Amino acid sequence: MSRRRIVVAGLGDSGLLTAIRLARYNDVVGISVKPGLVSGQELGVRLSRPEKWAQNYWISFDRFRALDRVRTAHATLTGVNLSARTIFARHRDGSPLTEPYDTLIISTGVSNGFWRQPNLQSSTDVASDLYEAHQRLASAGSVIVIGGGAAAVSSAANVAMRWPGLTVDLYFPGERPLTHHAPKVWDRIRKRLNKLGVGLHPRHRALIPDGFACDRITDQPVAWCSGQPPASADAVIWAIGRVRPNTDWLPPALLDERGFVRVTPQLQVPDHPDVFAVGDVAATDPLRTSARNRADRLVAHNVRAAASGRPLRSYRPPQHRWGSVLGVQPDGLEVFTPAGQAFRFPAWSIERVLQPWIVRRGIYHGIRTSQESPHRAETPNPPWKD
């Protein structure tokens, strides 16, 4: 089978892994608004310990050995001609980029809060965002976290751990947070939050000001449409899960009523067998779980199968979310199964086994150190410690 030209639109967590899997037998082009992998995972660790977060979740593309076969373009996507199989983008200097394809994979993700935005950024821009958010919390005397998902719970816990003297309160709309996890997950996390002194405030649904995109840390009083008196703090972290798919560049016919990319169980776009979607942008199920269940393997298989006329596999979403909630802590990493069972990687294993062997070698197929990078890309090193 001849090599096919594949364009991967978006090189976040899902797009990057998909590009790595397809590059061995195809000519792959990846287009990204970031200068490397800038993961949307582990918000709590990103805010509280950005230097540790950056080691594993902010990695320039030239450090990924498996991307040596992939041509990456730092540009903003602007459109696609489906009949001509051509994608369009714009470089930082405003010059146009045109890429023909045999297969297109849409993995542009979603915007969510201040930590997941589709802005075209340099390494300096990424470092500035990390540092400014961290410093904002370091200088605060009190913090409110709003939201009931893992990002909100993780932020409250990690901020309270990082600054023990800080007053931290978590407000969430239901009877409990983590409603997409098995119930026993919250039972375990709640005990941790209580030990940390985090105030828990159920049945508080925030009143969102007109025009406010929840894309920054604020210091204004928070009003509640559920009727409680307003709450105030020096810093307010909005982690309410108001996700917006990064699909403005796509034809409306490809999208569902919320703007996510419609897909079949095989992650193909209906009526377009040469277009696939994966990750948070793909409307696979209500939780869009292909972003957290290694669907890159399925997409890569199906792209190859479609090109050779073989049967395609179907994606089967899990019933509950799984994985880490709080991220790596000084005592190790706690991970939950879809059924809610917890198992722990001890602290010693994180840097000796999990990261070097399971993640960097097993999942990413090798990551160079900054010194080994062929381009020696300069990553700014801001003064994280306050």
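Colleague: In which helix is serine 155 found?

Modeller: This is a predicted model, and in it serine 155 is found in helix H5, which spans residues 150–162.

Colleague: Which strands does H5 lie across?

Modeller: H5 lies across E10, E11 and E13, and its direction is at about 170 degrees to E11. These strands belong to an open sheet of four, ordered E12-E11-E10-E13, with parallel pairing. The edges are strand E12 (199–201) and strand E13 (235–238), each of which pairs on one side only. From one strand to the next, the twist averages 20 degrees.

Colleague: How many bridges are there between strand E10 and strand E11?

Modeller: Five bridges pair strand E10 (residues 142–146) with strand E11 (residues 167–171) in the parallel sense. Within this pair, valine 145 stands opposite leucine 170 in E11. Valine 145 is also one of the contacts of serine 155.

Colleague: How should I think about side chains along a strand?

Modeller: In a regular strand, side chains alternate between the two faces of the sheet.

Colleague: What is the order of the strands in the open sheet of eight?

Modeller: The order is E7-E6-E5-E2-E1-E8-E16-E15, and the pairing is mixed. Strand E7 (96–100) and strand E15 (268–269) are its edge strands, each pairing on one side only. An antiparallel pair is found where five bridges join strand E6 (residues 86–91) to E7; here isoleucine 87 stands opposite glutamate 99 in E7.

Colleague: What are the partners of E2?

Modeller: E2 pairs with strand E1 (residues 5–9) in the parallel sense over five bridges, and likewise with strand E5 (residues 70–81), parallel over five bridges. Valine 28 takes part in both pairings: it is the bridge partner of isoleucine 6 and stands opposite valine 70 in E5. Strand E2 (residues 27–32) is mostly covered, with five of its six residues buried. The chain crosses from E1 to E2 through helix H1 (residues 13–22), and this β-α-β crossover is right-handed.

Colleague: Which helices pack on this sheet?

Modeller: Among them is H1, which lies across E1, E2, E5 and strand E8 (103–106) and runs at about 165 degrees to E1. H7 also packs on the sheet, touching E1, E8, E15 and strand E16 (272–277), and its direction makes about 170 degrees with that of E16. Helix H7 covers residues 296–308 and holds arginine 304. Arginine 304 is partly exposed, because its relative accessible area is 26%. Between arginine 304 and alanine 291 there are 20 Å in space, C-alpha to C-alpha, for a separation of 13 residues in sequence.

Colleague: How is the protein chain divided into domains?

Modeller: The domain assignment gives domain 1 as 5–120 + 243–320 + 350–358 and domain 2 as 134–240. Their C-alpha centres lie 29 Å apart, and 14 residues of domain 1 are in contact with 20 residues of domain 2.

Colleague: What feature does UniProt place at residues 5–288?

Modeller: The unreviewed UniProt entry places "domain: FAD/NAD(P)-binding" there. The span is 24% helix and 26% strand, and the C-alpha atoms at its ends lie 27 Å apart.

Notes. Residues are numbered from 1 along each chain as its sequence is written. This is a predicted model: local features need pLDDT of at least 70, side-chain atom pairs count only at pLDDT 80 or more; totals for chains, interfaces and linings use all residues. Side-chain values use heavy atoms; hydrogens and water are left out. Helices (H or I, at least four residues) and strands (E, at least two) are DSSP runs, numbered from the N terminus. Buried means under 20% relative accessible area, exposed over 50%, partly exposed in between (1.4 Å probe, protein chains only). UniProt positions are given in the numbering used here, feature names are shortened, and annotations may be inferred rather than shown by experiment. Two strands pair if DSSP finds at least two bridges between them. A crossover is right-handed if, with the strands pointing away from the viewer, the path from the first strand over the helix to the second runs clockwise. Contact means heavy atoms within 4.5 Å. Axes are lines fitted to C-alpha atoms, for helices over the stretch in contact, and angles run from 0 to 180 degrees between N-to-C directions. Domain bounds come from an automatic or database domain assignment. Lists of a residue's contacts leave out its neighbours within four places in sequence.
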